[in-house]
Amino acid sequence: MTVADSTLPFRTKFLYGFGSIAYGIKDNAFAYFLLFVYVQVFGLSPDLAGLAILVMLIFDAISDPLIGYLSDNMRSRWGRRHPFIYGSAIPVALTFFLIWDPPAGITDQGLFWYLLLMGIGIRTTITLYEIPSTALGPELTQDYVERSSLIAFRMWFGWWGGLVMWNLLWLFVVYSSINGTEDARYNAETWVVYGIACGIVMCLAILVTGVGTHRHIPDLHIPEQAKLASKRSAVMDVLLDIWITLNVSRNYRILFIAYIVCKAASGLFTNLTLFYYSYYWEFEPVDILTIGMTLFIAPVLGLKLAPMFTRLLGKRDTAISFFA
């Protein structure tokens with residue numbers, strides 16, 4: 001019986017999910033810190049910082065499906081996914097570090113281009129890991145319950161990875177602020193240390209998933225259509241796949257639009273969070289650390305509340321109620 005047909009061992013699930021720490025760290029950093037640091041610490045004008053982040057997202061929307069296409073059509077002795085996983089580890093660490101260490105004395109225009117290029121760099125390199133590793137899950141098993149378990153491990157490590165690095169950063173800021181002459185959140189060296197530490201952790205997390213799932217390569221499930229070489233161009237394949245996906249059903253399109261609206265609202269909230277903490281509420285570093293520590297409780301509450309409300313209200317009404 002192959003891995004694709006059997007119950008996956010805990011070790012495989014753990015090592016597969018572990019790599020999501022890398023994406024969790026990147027997501028957390030870009031959501032909460034990037035705009036604040038470039039505007040308040042490095043001195044980039046807010047309009048140029050916002051423009052750079054917007055262009056990054058547009059580029060990401062183009063590169064993501066293309067990388068997915070390349071991964072789907074990869075042929076190697078390491079399968080379709082692992083070459084991308086291994087190849088992304090060092091570039092992810094390097095680009096993540098560089099984005100927090102811009103050249104000294106650079107002009108506003110130069111800083112804009114630096115942020116834009118480094119941002120595209122880290123978003124592209126982390127996509128080289130994230131999309132193939134996400135696609136690896138359904139290839140490890142065809143069992144619905146086992147796939148759900150793999151997703152749970154990914155979500156768990158992604159959440160905790162980003163949150164742990166958030167709190168370690170604020171521990172460093174609190175310690176440095178107490179022992180220094182200024183609030184360390186406004187010190188550029190703080191963010192260099194953050195970039196180095198996160199880069200190392202991200203690289204190791206990605207390699208753990210690659211090495212930890214490598215032995216399953218011969219048993220991975222590959223759909224029959226994926227074994228056939230496409231006669232269309234990569235761009236046409238991607239566009240056709242997007243069109244087919246969007247036309248699955250009316251309900252899917254509604255869900256798709258709702259997801260975009262929710263993510264836009266979430267992005268606005270997270271990017272402004274540190275500004276609110278620092279200038280509206282005037283929180284000290286220890287206050288922000290305290291808030292970060294309480295966030296460890298959130299997934300535990302979710303695990304308890306979600307099943308209870310689902311039994312009472314059903315999946316649909318529970319989701320709507322919790323969003324409201």
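How many residues apart are Trp166 and Trp170 in helix α6, and about how many helical turns is that? I began my notebook with this one, keeping in mind that the model is predicted.

**Entry 1: two tryptophans.** I looked up helix α6, which covers residues 144–179. Trp166 and Trp170 are four residues apart in this helix, so about one helical turn separates them. Next I counted aromatic pairs and got 29. Trp166 and Trp170 make one of these pairs, with 6.0 Å from centre to centre. Their planes stand at 55°, and the pair is tilted. I also checked the surface: Trp166 is buried, and Trp170 is buried too.

**Entry 2: a pair in helix α10.** Then I turned to Tyr252 and Phe256, whose ring centres are 6.4 Å apart. Their planes meet at 20°, so I noted this pair as stacked, since stacking needs planes under 30 degrees apart. Both residues belong to helix α10, residues 250–280. Tyr252 and Phe256 are four residues apart there, about one turn of the helix. For Tyr252 I found a relative accessible area of 31%, so this residue is partly exposed. Phe256 has 36% and is partly exposed as well.

**Entry 3: a cluster.** Which residues do ring pairs link with Trp166 and Trp170 into a cluster? I wrote down Tyr32, Phe33, Phe96, Trp100, Trp191 and Tyr194.

**Entry 4: a charge and a ring.** Last, I looked at Lys26. Its charged end sits over the ring of Phe30, and I noted 5.2 Å to the ring centre.

Notes:
Residues are numbered from 1 along each chain as its sequence is written. This is a predicted model: local features need pLDDT of at least 70, side-chain atom pairs count only at pLDDT 80 or more; totals for chains, interfaces and linings use all residues. Side-chain values use heavy atoms; hydrogens and water are left out. Rings of Phe, Tyr and Trp (its six-membered ring) pair if their centres lie within 6.5 Å; planes under 30 degrees apart count as stacked, over 60 as edge-to-face and the rest as tilted. Buried means under 20% relative accessible area, exposed over 50%, partly exposed in between (1.4 Å probe, protein chains only). A charge sits over a ring if NZ of Lys or CZ of Arg is within 6 Å of the ring centre and within 35 degrees of the ring normal.
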